[in-house]
Amino acid sequence: MKAVVLDTDDRFRLTELDRPVPGPGEVAIAVGYAGIQWGDVLVRRGHFPVSRPFVAGFEAAGQVVGVGPGVDEALLGRAVTALTGGGAFAEVVTAPAALTFDAEGLDPRTAAAFGWATPTAYDLIHTVTRVRPGERVLVHAAAGGVGTMAVQFARAAGAGRIVGVVGDAERAAYAARFGYDDLVTRAEFADVSDGRAGEVFDVVLDPVGGPTRLAGLLRLAPHGRLAMYGALAGSAPALLDSDELLMSGRSALSYNSDLLSRTHPERFADGARRALLAVVEGSVRPDVTAEYEMADLDEAVSRLASGKTLGKSVLRIAP
């Protein structure tokens, strides 16, 4: 079968590989489209320890063509979207049956774009911070995959005001399409030292870390919740004063979708199914802005890494 592998020189190359066989609890999927996401950048940068050559790709949409031991054969032939630990940039991928979701009637590009970002955004809004009607929400990386979905879920949950933080004016213009009440650049989001300075929020979503995380805590209203789900700023520590948090009722919460999918797959899958239903019903939408051929994956990941990508890119696998 055709597959795109990440080689030892950090380049993605189209090659031929043996077709994988599903193991216990797995399905085999003939991939129509695969989602391209930040994890593909991190793998190429060596942040994840994988043996190379490695078939990357963590988001697949296609048709079930095989089931492993313990998996219901009624899944055969079903149109699905699946979240994997790799291998989606190939004509056939194996995926955990627990992380494979019915996508009947959904456009295959949209099914691939659903990816990890949509259930992550759903959980951040509904199970981590539990946004309530009327609450004020601040979203960092507002033009990113999670940010553009989180604003839609927050709006559907009844949030009263949603503000996004972006890198520049171009990203602000893009993010504005998804329902933010206001958008500010990172430069405008001052690293305040006084919690009374600037607008305060009931919920802050932070994939950045470092000084941004501390600034977010200072922008929390009493009983506000800050959700940490990434560290785009690197490993810069953010020291939290637990006594101050206690006295103000503020909370700092963490969320790791990959870890949750491995330790409590049933919990992660429940949120993912609810998020997918919202996509099917049309109340939220991932935004596919670019489609690439398999031979062009290296270019696609490079564009994503350099910040040139707005919206979701997908890789077309099926001819």
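Visitor: Where should I begin with a predicted model, and what is the mean pLDDT of the chain?

Guide: Begin with the confidence. The mean pLDDT of this chain is 93, and 97% of its residues reach 70 or more.

Visitor: Over which residues does pLDDT stay under 50?

Guide: Here is the general idea: where pLDDT is low, the predicted coordinates should not be read in detail. In this chain, that applies to residues 191-196, where pLDDT stays under 50. The model has 10 contacts beyond four places in sequence for this stretch.

Visitor: Thanks! Now the sheet. In what order do the six strands of the open sheet come?

Guide: In general, strands of a sheet pair through backbone hydrogen bonds, either parallel or antiparallel. Here the order is S11-S10-S9-S12-S13-S14, and the pairing is parallel. The edges are formed by strand S11 (182-185) and strand S14 (251-254), each of which pairs on one side only. On average, neighbouring strands of this sheet are turned by 20 degrees against each other, direction ignored.

Visitor: Could we look at one pair? How many bridges join strand S10 to S11?

Guide: Four bridges link S10 (residues 161-166) with S11, and the two strands run parallel.

Visitor: Which strands does helix H6 lie across?

Guide: Helix H6 (residues 211-218) lies across strand S9 (136-140), strand S12 (201-206), strand S13 (220-228) and S14. Relative to S13, H6 runs at about 150 degrees.

Visitor: And two helices together: at what angle do H3 and H4 pack?

Guide: Two packed helices are described by the angle between their axes and the distance between the axes. For helix H3 (residues 117-128) and helix H4 (residues 145-156), the angle is about 45 degrees and the axes are 8 Å apart. H3 and H4 are therefore oblique to each other. The crossing of H3 past H4 is right-handed. Residues making the contact include Ala121, Leu124 and Ile125 of H3, and Met149, Ala150 and Phe153 of H4. By type, the contact residues divide into 10 nonpolar, four polar and no charged.

Visitor: Last, the backbone. Which residues does a cis peptide bond join?

Guide: Arg52 and Pro53 are joined that way, with omega about 0 degrees. You will find Pro53 in the loop between helix H1 (38-44) and strand S4 (54-55).

Visitor: What is the phi of Arg130?

Guide: Arg130 has a positive phi of about 50 degrees, although Arg130 is not a glycine. Look for Arg130 in the loop between H3 and S9.

Note on methods. Residues are numbered from 1 along each chain as its sequence is written. This is a predicted model: local features need pLDDT of at least 70, side-chain atom pairs count only at pLDDT 80 or more; totals for chains, interfaces and linings use all residues. Side-chain values use heavy atoms; hydrogens and water are left out. pLDDT is the predictor's confidence in each residue, from 0 to 100. Contact means heavy atoms within 4.5 Å. Two strands pair if DSSP finds at least two bridges between them. Axes are lines fitted to C-alpha atoms, for helices over the stretch in contact, and angles run from 0 to 180 degrees between N-to-C directions. Angles under 35 degrees count as roughly parallel, over 145 as roughly antiparallel, 65 to 115 as roughly perpendicular and the rest as oblique. A crossing is left-handed if the near helix is turned anticlockwise from the far one by less than a right angle, and right-handed if clockwise. Ala, Val, Leu, Ile, Met, Phe, Trp, Tyr, Cys and Pro count as nonpolar, Asp, Glu, Lys and Arg as charged, and the others, Gly among them, as polar.
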